[in-house]
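Please look over the sequence and the structure before reading on.

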Amino acid sequence: MYSLFLVILCSGLCFASDDYNIERLMDNVVVLRVPYVYGNTMEVHLSCGEVYQNQPVLWKKDGAELSPALQGNHITVLVKEMNGGNYTCHSSPNGEYLNHTVILVQLDPDNRTVILEEKSPEEGHIHCTAPNYKGSFHCTWKKTQHRSHAAVLLVKANRDMDEISCEPEADGSGVHCQDANCPYKEEKHRISLTVYIHSYSRLEAYTKSFYLREIGTSFQFKVTV
């Protein structure tokens, strides 16, 4: 599980910007959605947390000290192009870990996809099947050859306003989901599945929408007879 998802240890980090679209995707993970412009540089304002307001704070990026050093509870970091990273704050001078935030970058509105292979123009990048009408379904994807190191950050699935529980596969190539309400309701709304996957600081979001009756395997024959 650790290899698939970022471990969120604590919350409370702050950020702000007026020049681009920035969103807190999950605790301690923020996404910059920007158009691709060569040499584009963005400012992101970070805070270690109000509880550390009056304490000496030292910042690191991806485990290494910054040069010049960044100190203080509130700082501004420059993110050039797709060069985000994991910013951690530590108590100085002993270096004890206090908090962190991961900055990821997603191209917007041109969400160019280079991490997953497209299965077909009709099917897209994600293939889903369902064995029965009981609400379970399985979705898979394949990483491109040059992005085999990419990791799944988050999987979201829902039908209308109802969230659907999903369990990722250990190798990061798929997910098993169970719609608990499906056996008791008529299938009026499509399921929406979104997979967030990142290669270093580059984030891509892949979405697939479907009815279970469209992806069914064992019961498709019964429907067509």
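The model is predicted. It holds 3 disulfides. Counting bonded cysteines along the chain, the pairing pattern is 1-2, 3-4, 5-6.

**Cys48 and Cys89**

- Cys48 is bonded to Cys89, with an S to S distance of 2.0 Å.
- The torsion about this S-S bond is 75°, and the link of Cys48 and Cys89 is right-handed.
- Cys48 sits in the loop between strand E3 (41-47) and strand E4 (57-61), while Cys89 belongs to strand E7 (residues 85-91), so the bond ties together parts that are 41 residues apart in sequence.
- Cys48 counts as buried because its relative accessibility is 0%, where the cut-off for buried is under 20%.
- Cys89 also has a relative accessible area of 0%, and is therefore buried.

**Cys128 and Cys139**

- The disulfide of Cys128 and Cys139 is right-handed, because the torsion about its S-S bond is about 110°.
- Cys128 lies in strand E9 (residues 127-129) and Cys139 in strand E10 (residues 136-140); the two cysteines are 11 residues apart.
- Cys128 and Cys139 are both buried.

**Cys166 and Cys177**

- Cys166 is joined to Cys177, with an S to S distance of 2.1 Å.
- The link of Cys166 and Cys177 has 110° about the S-S bond and is right-handed.
- Cys166 has a relative accessible area of 21%, so it is partly exposed; buried would require a value under 20%.
- Cys177 has a relative accessibility of 4% and therefore counts as buried.

**Points to keep in view**

- For the bond of Cys48 and Cys89, one partner is in a loop and the other in a strand.
- For the bond of Cys128 and Cys139, the partners are in strands E9 and E10.

Notes:
Residues numbered from 1 in each chain as written. Predicted model: local features only at pLDDT ≥ 70, side-chain atom pairs only at ≥ 80, totals over all residues. Heavy atoms only, no water. Disulfide = S-S within 2.5 Å. Helix = DSSP H or I, 4+ residues; strand = E, 2+ residues; numbered from the N terminus. Buried < 20%, exposed > 50% of the residue type's maximum accessible area, 1.4 Å probe, protein only.
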